[in-house]
Amino acid sequence: MKLEIALIPKSSWYKGIRTILTNDQVEKLRGQLFAKANNICQICEVHTESLFFTEEYKFDDIYLTQTLVKFIAICEDCHLARHMGLATIKGKYSRAVKHFQKVNDLSINEAKTIISAAFTLWRHRSNYNYYIDLVPIMFMGLDF
Ligand SMILES: [Zn+2]
């Protein structure tokens, strides 16, 4: 799937790169990422002046580890679709679902099944404390 739903377990909320980088470093990182993206969403490839910066993680549900994989610059709609919970809070759930369907070429039923499975997994993961491994940031060739 081109556009994945990325729900972060509750125990990991507010514990991303901002726990190890200063605001200035985050801004510098964002600047580098946006310059590289050149106003193109790195998921759906739409041209936009307003990109969002997001972290991508991989999860190991046996060792309860959440490992930073990369940073991506994405459009608002992809950001909403990746963070369906946030989209709901913002009253933009149906917009997020439509975009999720369009980018992944899914029927509404297929989309709803995948979204529902993502929330089930999120609820399961939210019962545990994940160790967040941010060490890969050292090997991404970033200057911050
Ligand atoms: Zn996009």
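A nonpolar core is taken here as a set of buried Ala, Val, Leu, Ile, Met, Phe, Trp, Tyr and Cys residues joined through C-beta atoms within 7 Å. In the present structure, which is a predicted model, the largest such core holds 17 residues, and those that touch the most other members are C41, I74, C78, A81, M84 and A96. Two or more residues are given to this core by each of the elements β2 (65–74), α2, α3, α4 and α5, and the largest share, amounting to three residues, comes from α2. In soluble globular proteins, nonpolar side chains tend to be buried together.

When residues up to four places away in sequence are not counted, I74 touches C41, Q42, I43, L51, F52, T54 and H79.

Helix α4, which contributes to the core, covers residues 93–104, and its end C-alpha atoms lie 16 Å apart, in agreement with the 16 Å that its 12 residues should span at 1.5 Å a residue. Within α4, the buried residues are A96, H99, F100 and Q101, of which A96 is also one of the core residues that touch the most other members. The buried residues of this helix pack against three further helices, namely α2 (76–82), α3 (84–89) and α5 (108–125).

From its first C-alpha to its last, α1, with 15 residues, reaches 21 Å, which is close to the 21 Å expected at 1.5 Å a residue. Just after α1, a positive phi of about 55 degrees is taken by N38.

D105, which follows just after α4, is placed in the loop between α4 and α5, and its phi is near 55 degrees, a positive value in a residue other than glycine.

Conventions
Residues numbered from 1 in each chain as written. Predicted model: local features only at pLDDT ≥ 70, side-chain atom pairs only at ≥ 80, totals over all residues. Helix = DSSP H or I, 4+ residues; strand = E, 2+ residues; numbered from the N terminus. Expected span 1.5 Å × (residues − 1). Buried ≥ 20, exposed ≤ 12 C-beta atoms within 10 Å, placed from the backbone. Contact = placed C-beta atoms within 7 Å.
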